Structure formats: C-alpha cells, structure tokens
Amino acid sequence: MRTLVIRLSSISDAKARFVNAGQQALEGIVVSATPSVSFPSYDDMHKVLAPPRLAIVKAMAGQGPLAIREVARRVGRDVQAVHKDVTTLVNAGVLDRTEAGVEFPYDQLHFEFDVKAAA
C-alpha cells in the first residue's frame with residue numbers, strides 16, 4: 001500500500017533530514033525514501049488540506065488519473081470550485097498533474113505530527 005506522509009516540519013528539520021540522508025548515502029547505507037509533504041505549521045497544512053480538499057484526495061486515492069469533471073462528480077461539487085482546489089493541491093505537491101488528468105498516486109495519507117500544549 002502506497003502512503004503519502006504529511007508532516008509539520010521547519011526548514012531546519014527538513015535540512016537535517018536531507019543532510020542525514022546524504023551522510024547515509026555516502027556511507028553506503030541504503031534507506032528507502034518515504035513520499036512526504038511537509039508544512040511549516042498546522043495552520044498552513046489546514047489551509048491546503050481543508051475538509052473539502054481532503055474529500056477530493058480521499059475520492060482520488062488509488063483511482064489513477066481522473067479528469068477534473070470526474071473528480072467534481074465524485075465529490076458532488078461545482079467543477080470550477082474543484083478545479084481551484086485541485087490546483088492548490090497540485091501546487092502543494094499532494095496531487096500530480098498528468099497528461100491523462102490529475103492523480104493522487106497513493107492509497108492513503110498518513111499524518112505524522114504532534115500537537116503540544118501552548119506555553
């Protein structure tokens with residue numbers, strides 16, 4: 001099952017993961033890559049993955065490339081609104097645009113972050 005991991009991560013966290021992966025590669029350690037999208041904050045993540053957009057992702061999971069009209073039909077929404085949401089999801093790296101349409105080439109999303117109490 002192919003999974004896209006959604007993370008909350010600062011630029012310094014992303015750099016640290018990149019440097020660590022580079023070190024492991026130089027040492028000949030084979031590490032499998034995990035497809036992921038990182039957001040700098042919960043608010044940024046929620047703007048991109050708001051409930052109507054998350055419904056689009058769920059409807060597209062494992063379905064292969066779809067035309068935007070078909071996506072709109074599956075989620076029961078207006079084509080123009082779905083087109084705008086799909087564009088946001090493509091720009092964020094959640095969906096892929098192909099010659100055959102738009103695609104969520106994974107079977108599921110996995111959210112990987114902690115919520116801490118305010119200081």
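1. R74 is partly exposed, at a relative accessible area of 35%; here buried means under 20% relative accessible area, exposed over 50%, and partly exposed in between (1.4 Å probe, protein chains only). Its partner is E70, with the closest N and O atoms 2.7 Å apart in a salt bridge, defined as a side-chain nitrogen of Lys or Arg within 4 Å of a carboxyl oxygen of Asp or Glu. E70 is also partly exposed, because its relative accessible area is 22%. Helices (H or I, at least four residues) and strands (E, at least two) are DSSP runs, numbered from the N terminus.

2. The model is predicted: local features need pLDDT of at least 70 and side-chain atom pairs count only at pLDDT 80 or more, while totals for chains, interfaces and linings use all residues. Residues are numbered from 1 along each chain as its sequence is written, and side-chain values use heavy atoms, with hydrogens and water left out.

3. The salt-bridge count comes to five. One of them joins the side chains of R7 and E112, at 3.0 Å from N to O. This pair links distant parts of the chain, 105 residues apart: R7 is in strand β1 (residues 3-8) and E112 in strand β5 (residues 108-112). R7 counts as buried because its relative accessibility is 15%, whereas E112, at 38%, is partly exposed.

4. R77 and D85 meet in another salt bridge, 2.7 Å from N to O. R77 is partly exposed at 28% relative accessibility, and D85 is buried at 8%. R53 joins R77 and D85 in a network of salt bridges.

5. E103, in strand β4 (residues 101-103), is buried yet has no salt bridge; R2, the nearest side chain of opposite charge, is 8.1 Å away. Lys and Arg count as positive and Asp and Glu as negative; His and the chain ends are not counted. Leaving out residues up to four places away in sequence, E103 touches M60, G64, P65, L95, D96 and T98, contact meaning heavy atoms within 4.5 Å.

6. A14 belongs to helix α1 (residues 11-26). Its relative accessibility is 32%, so A14 counts as partly exposed.
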